[in-house]
Amino acid sequence: MKDNPNDSEYAGLLVRDDGGFVLQADDGLRYRLELLRTPIDEVEKRVIVTGQLIGNDHIEAEGVRLANGR
């Protein structure tokens, strides 16, 4: 659910790397995530990231939730 009307949703696999967290999106792109909290339970799972694109490959995430309600 989007609280901010400027937010968008991005689906894909959440992975951790040396620089933090990355979304391997369904569109084939990789997005570096700027997060307010550490999404431990969602790592290596399919997620929906809600937030704003702040560069070609960078998302300022407002939230991360498991996709398909799992």
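Me: How far apart are the mean positions of the positive and negative charges of the chain?
Reply: This is a predicted model, in which local features need pLDDT of at least 70, side-chain atom pairs count only at pLDDT 80 or more, and totals for chains, interfaces and linings use all residues. Residues are numbered from 1 along each chain as its sequence is written, and side-chain values use heavy atoms, without hydrogens and water. Lys and Arg count as positive, Asp and Glu as negative; His and the chain ends are left out. Each charge is placed at NZ of Lys, CZ of Arg, CG of Asp or CD of Glu. The chain has 9 positive and 14 negative charges, and their mean positions lie apart by 6 Å.

Me: Which pattern does the chain follow along the sequence?
Reply: Helices (H or I, at least four residues) and strands (E, at least two) are DSSP runs, numbered from the N terminus. The chain has 0 helices and 5 strands. Read in order, the pattern is β-β-β-β-β.

Me: Is glutamate 42 buried or exposed?
Reply: Glutamate 42 sits in the loop between β3 and β4 (46-55). Buried means under 20% relative accessible area, exposed over 50%, and partly exposed in between (1.4 Å probe, protein chains only). Glutamate 42 has 11%, so the word is buried.

Me: Which residues is glutamate 42 in contact with, leaving aside its neighbours within four places in sequence?
Reply: Contact means heavy atoms within 4.5 Å. For glutamate 42, with those neighbours left aside, the names are Leu14, Arg37, Val47, Val64 and Leu66.
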